[in-house]
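Please read the points below with the structure open beside you. They go from the whole of one chain to its parts, and then to its partner.

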Amino acid sequence: MKSSALKATLDANEAVAAVAYALTETLAIYPITPSSPMAEFCDEWSAKNLRNLWGSVPRMVEMQSEGGAAGALHGMLQAGTMSTSFTASQGLLLMIPNLYKITGELLPFVLHVTARTLATHALSIFGDHSDVMACRQIGMAMLASASVQEAQDMAAIAHAATLRTRVPFMHFFDGFRTSHEVGKIDLIGHDILRALVKEEDVAAFRERALTPDAPILRGSAQNPDTFFQAREACNPFYSLVPGAVEQLLEAFAQLTGRHYRLFDYEGDPQAEQVIIVIGSGAETATECSAWLNAHGKKTGILKVRLFRPWSLQHFIAALPETVRAIAVLDRTKEPGALGEPLYQDVVTSLAEARTLGLLPRSCNPVVVGGRFGLSSKEFTPAMAKAVFEELETGAPRNHFTIGIMDDVSGTSLDWNRNWDIEPNDVTRAVFFGLGSDGTVGANKNTIKIIGEETDNFAQGYFVYDSKKAGAVTISHLRFGPRQIRSTYLVSHANFIGVHQWEFFDRLDILDVAAQGAVVLINSVHGFKSLWNALPVEAQQTIVERQLRVFVIDGYKVARETGMGARVNTIMQTCFFAISGVLPREEAIAHIKKAIEKTYARKGPEVVEKNFAAVDATLAALHEVTVPISADGLRHRPPPIPEEAPEFVKRITGVMLAGQGDLLPVSAFPVDGSWPMGTTQWEKRNIAQEIPIWDEKLCIQCNKCVLVCPHAAIRARYYETDVLASAPATFKSVAFRSPTLKGFKYTVQVAPEDCTGCTLCVQVCPAKDKSNPRHKALDMAPQLPLRDAERVNYRFFLDLPEPDRKLIKAEVKATQFYQPLIEYSGACAGCGETPYLKLLTQLFGDRLFIANATGCSSIYGGNLPTTPYTTNRDGRGPAWSNSLFEDNAEYGLGLRVAVDKHHESAVELLQLLAPQVGEVLVTELLGGYAGDEATLEAQRARVMMLREKLRDVQDISARRLELIADYLVKKSVWIVGGDGWAYDIGFGGLDHVLWSGRDVNILVMDTEVYSNTGGQSSKATPMGAAAKFAVSGKALPKKDLALYAMMNGTAYVARVAFGSKDGQTVQALTEAEQFPGVSLVVAYSHCIAHGYGMQFGLEQQKLAVDSGYWPLFRFNPLRDKHGDERLKLDSSAPKVALEKYTANEMRYRIVERTQPERARALQQGAQQQVREHYKLYERLRDVMKVSDVDTEETI
Amino acid sequence: MELTTEYLGLKLKNPLLPGASPLSDDLDTVRRLEDAGAPAIIMRSLFEEQLIMEEQATLEDVNLHEFSSPEAASYLPNIADFALGSDEYLKQIAQIKQVTEIPVIASLNGTTLGGWVHHARLIQEAGADALELNTYFLPTNLLRTSKDIEDQIIEVFRAVRNKVNIPVAVKLSPYFSALPHFALQLQRVGADGLVLFNRFYQPDLDPESLDIKITLQLSDPYELRLRLRWLAILSAHLHLDLSATGGVHTGLDAIKAIMAGATTVQMVSALLRHGPEHFHQVLEFLGHWMSEHEYESLEQLRGSLNLTTGPDPSAFERANYMKMLLSWRKMTHGFGIPPQQS
């Protein structure tokens, strides 16, 4: 029986989630890229009360970590509900202890894993098998999928098989390449699932569940007499798994017509060269093998589907007896191992098969192993061909790599980068856009239109750069008459959409063009002037490859039709009009239908505007007449200026040009180290408008400098004579200072680094008295200002630094300090980075930062460029990221090491006192303090010490030289978001709070997991919607600061720079000075709150004024009689909470979907805010230093 | 006392109405108003401008960040039911209809002709019994004449009238050079009633921050005077329904408005200040007062002090102003301090 299949165009995450949801009763989840969308889908469906196969709504619980999720799952399974979860990478590692338990107890369960790289020398969110291969010893069955269709199908098999066999299943597929690839597949209906999952298996599972009505005990402790035997008792269950899965696959084939085997062989039945591989790489390798076989070769691909339990019989049966050479490709690396896991299994299998006589004597293939595709590195047919060619040599290299150039160990195979075997009937399109212009969304619509409205198959894969502001997106689309199995990026596109004109100056965009391809360009240049505006390199490619060029001023059409900056609909219409994938009228009708579907519930205005944009598009689209030769005078500017350091030019520049794949192994530091301060060389020019300073109006408060998230506006005072060499348009004004007379003052914008967020303009208090609309900072178009301001900014950077000793810890003064985090990739208007910037201004030259994984580690350390930088003395923050869950512990470790270095340095100093001199030693020992005067003097003393040590011939002197800098006080800050501090890292944070060590903790609280897309954390406020809390969070936010205050020995502050910047400066300074643990919880506005970030400061004010975010500083060491240990820095609530919440979409969502619930939650939240503030008032009074505290007790 | 009133073709138990305000947002408050004797509910205004701005803000601030990062396709939950536009308002109409037995009068302020018509139809479909067009076009453009503005309101009314069957009233601002003439035009094109007057939030200035502040100011009983004058003038000439809104705080205020010619009297500020139960007190006062003063019906009361029936019609005309000034001067001279407004 073959069921009629419904087709759909979707990605593997959605397809797998749908199956898992249908076969699950309870879920325990935690967000982690790239698996988060599966949990998000299930949460949405559960909130909508969609039902599973048994007519019941699956219920889910979000946990504090994957470790927590695994624990909850274990409980769910013991109590007998069919349960599932989704994870990847570090999350999977955190689950391992429980997975052993679940497996040891034979609890049927499926874990769907989007296989992702494990963090080693660096973190990577992308795909490989290093996570799942770290689990192969657990004893879970491991079932792999290689495509979107397979991922859906194997998800079903895994759920049915675990119930049938009792062995828990890990179903895995490649992170991003499969999880995020959009493809057209046959859906599995509930009828098929019902046929696969046996009701008696479910009943048997239920009957084994723990219940006090028929109790048994699980989780005993066993001893040497029994454990071993008992552990071996599970063996028969494993023996049955391959057969059970095979039966299910056969049943599935009958139901769907799709045939799968435990080991799927595809290729010549008499193949001589065979590649054995797991996952999406198999699809590409199969494409290559088919082409080679069609051209006279004898090759094949053995795709491993059931990796555990490994069935020797099935493996040998699948392998052609004619094979002479085998390459086993592993998408993981095990340094120091004889070979990677799959290779070892294959070698062992062949050896054992030979011993058992399962192989004919004639079959004695040479076996080599190779690594490929780490961190989603491309794996193309050309690479597979290189592997086959290596096998053909008769003496193939073992332990090779493919896809990189390894010029250090010589492991890499070379391949022909221009070899292309994609058939001509496949339309291959590449679109370059910005995240903000909607290109990806439009392309997803395009794939759906073509996939669902035509007989064509469709595939979409999307590549993003690492920036949060001004992110570049590249969409790779394929359409064709057959199932598309090309699991690699489009390299020979016959359609290229350039949705942002300035990309021509940043990237070699047309490199991807096939001969005769069509190029669609969005440009302000008309079809007559476009040619001359192109860089000559682009002109050459157009001429040489005979490209057809079309142009549209999409910006103008968007503007005129009220679409703002979103050119997506316009460019999509152009694509259909030019490509001819569908008849033009039909395509336009489909686009409009898609618009209606997407926007209908967002209001008729939006739909109308999009319709108007579609209708206005074709009239504005023109073909450009291409001359016969490239005669342009303008060259594409180099990605990095000539004056950049060598490493930046040689490495960073290549990465910025989108050519990082070409860098060889030797280009890289061996341990993940990376140079500081490289964002300064990447001039992104993403702001349409930048602030322009009116020096006559400015009151010199420096607030603009404080709030700038990207350190792109700065202030300096300096002596007048330095202006002698100032550029013509450089502005300055007399410095207002009671002490520094005759100085000049300048506010200067970094025109090419500004993101145009306008926070500086918003905060500027200086208005023109006769025209208050004009302020000391107004926004003005960037382009006309760019060149002059670039020169001004360069001049500004060379101005003398202020004397740090003269600067007090208050807002204006601190903003003359050099920021040591600059031009990061954070969102425009980010609410976190101003805190970090301030941190680096205050303590940057002696600062350690332990940074939890999350937004701050991504904009802080995601290549190609690094924002943390150094001052003129070469000092700056020692920044590092360990993991998400361990950050507090990691930072504590840094402190312990720093303290030990200091202790050792003191010991050595005392030992060497006779040679160094008693006076200097005494001074050095007394100079360990954090105030600027002491720091400067102590650094000078350390220099003197080094001078003296040079002449001391003693091993102790050499030892002291290595750690002498630790005689200068260091500041250790543990930094991260609320996901870390409130949830996954809370155990560690709690432990550090009780450590008594001199560490400082800064929690940048965005109230959701921002980096993974806004999932609820325990910091999410009552009444706000977030992913995993779509109906609005029912409980109040956890008060981390209050919790820490109850510790009684730590300094604790809650701050919001947009409300009281002075208090923020004060709190960070006091925290640093506090000789123990300090915790600062910082309000951080975020795009996940759903409003324009230009209003971030206003919202901070409202958060404080409404009493939602009371500001305070708690210092347990305040001991003067009458002192308040708890100082409340904000007044009692003076505006209704609603004033604050009404401005944010996260609250509006609940209001609009469930008004009654929203009202109840709002009332509850308002009540809670009032009581909360009262509690703080009482605490203030209770904690006042009283007579009792100051009197000596007997 | 028989207080039954017919307003916009609706049979009402009495002439007092809770006016357009956020009171209608909460179903519980709506129920309390009904219990307190409200004969109908007037919903707060649906502002097309607000809808458009919210759509725009959603697109620009929320959708802007979609598909920008490999780790997050979006930053807020994807809720299919999360609709912008007028859904929330329309749902509320339906819900009020469900939980009460009294008519619902919706209120609409549009910005585009299409928007007025579109939303009016949706409001009718959602079950509203009548519609109040909350019209105001603040003329900041030097080239627009008073006639342009009047024509625009007439055009909006006509367009809506042609597309909906429910009764339609027009809520006006007091700022017309020749209000009676304009009111007559509205009567001629079929307006079922006029609501007098819209209260604007008047901007305030902050000399410290050099900002313009828009704050909600509840009405003052003195504001009733302006309504009384125009009710008295219009009710003398027109036969459409007139509803007073702005400055009605007490039963006596309501009586005055009816005497000036109001068919119904709307209250907002007093209810916001004292709660829905205040409605009952005002209503009770109205009944008692009429009994005490031996009025037999509302009709006897209605318009009894308007331009044609009042003892001194000139009091509503130009002389009124002069007389007030004179009496004021007399008072201040006589007692030194003017008496406090109560």
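The numbered points that follow concern a predicted model, and its values should be read as computed from that model.

1. Overall form of chain B. The secondary structure of chain B amounts to 12 helices and 12 strands, and its C-alpha trace spans about 80 × 50 × 40 Å along the principal axes. The radius of gyration of chain B is 22 Å, which agrees with the value near 20 Å that a compact globule of 342 residues would have.

2. Burial and contacts in chain B. Of the 342 residues of this chain, 46% count as buried. When contacts between residues at least 6 apart in sequence are considered, 71% of them join residues that are at least 24 apart.

3. The sheet of chain B. Eight strands of chain B form an open sheet with parallel pairing, in the order S3-S12-S11-S8-S7-S6-S5-S4. Strand S3 (16-18) and strand S4 (41-47) of chain B each have a single partner strand, so that at these edges one side of each is left without a neighbour in the sheet. From one strand to the next, the twist averages 25°.

4. Strand S6 (residues 130-134) and strand S7 (residues 168-172) of chain B run parallel and are joined by four bridges. For B:Leu131, the bridge partner in S7(B) is B:Val168.

5. Helix H7 of chain B. This helix, residues 224-237, has 14 residues and reaches 20 Å from its first C-alpha to its last, close to the 20 Å expected at 1.5 Å a residue. Its buried residues include B:Leu224, B:Leu228, B:Trp230, B:Leu231 and B:Ile233, and B:Arg227 and B:Ser235 are also among them.

6. The surroundings of B:Thr111. This residue lies in the loop between strand S5 (104-109) and helix H4 (113-125) of chain B. Apart from neighbours within four places in sequence, B:Thr111 is in contact with B:Glu48, B:Glu49 and B:Ile52. B:Thr111 and B:Thr135, which are 24 residues apart in sequence, are separated by 9.5 Å from C-alpha to C-alpha.

7. The contact between the chains. Chain B contributes 33 residues to the contact and chain A contributes 42 residues. On the side of chain B that touches chain A, the largest share, eight residues, comes from helix H2 (residues 48-62) of chain B. The residues of that side of chain B divide into 17 nonpolar, eight polar and eight charged.

8. The sheet of chain A. Here an open sheet of seven strands has mixed pairing and the order S3-S2-S4-S5-S7-S6-S12. Strand S3 (59-62) and strand S12 (306-308) of chain A stand at its edges with a single partner strand each, so one side of each has no neighbour in the sheet. Neighbouring strands of this sheet are turned by 20° against each other on average, direction ignored.

9. Details of the chain A sheet. Six bridges join strand S5 (residues 110-115) of chain A to strand S7 (residues 169-174) of chain A, and these two strands run parallel; A:Val110 stands opposite A:Phe169 in S7(A). Helix H2 (residues 36-47) of chain A lies across strand S2 (26-29), S3, strand S4 (83-87) and S5 of chain A, and runs at about 130° to S3(A).

Definitions and conventions. Residues numbered from 1 in each chain as written. Chains lettered and ligands numbered in written order. Predicted model: local features only at pLDDT ≥ 70, side-chain atom pairs only at ≥ 80, totals over all residues. Expected span 1.5 Å × (residues − 1). Buried ≥ 20, exposed ≤ 12 C-beta atoms within 10 Å, placed from the backbone. Pairing = 2+ DSSP bridges. Axes fitted to C-alpha atoms, helices over the stretch in contact; angles between N-to-C directions. Contact = placed C-beta atoms within 7 Å. Nonpolar A, V, L, I, M, F, W, Y, C, P; charged D, E, K, R; others polar. Rg over C-alpha atoms; globule rule 2.2 N^0.38 Å.
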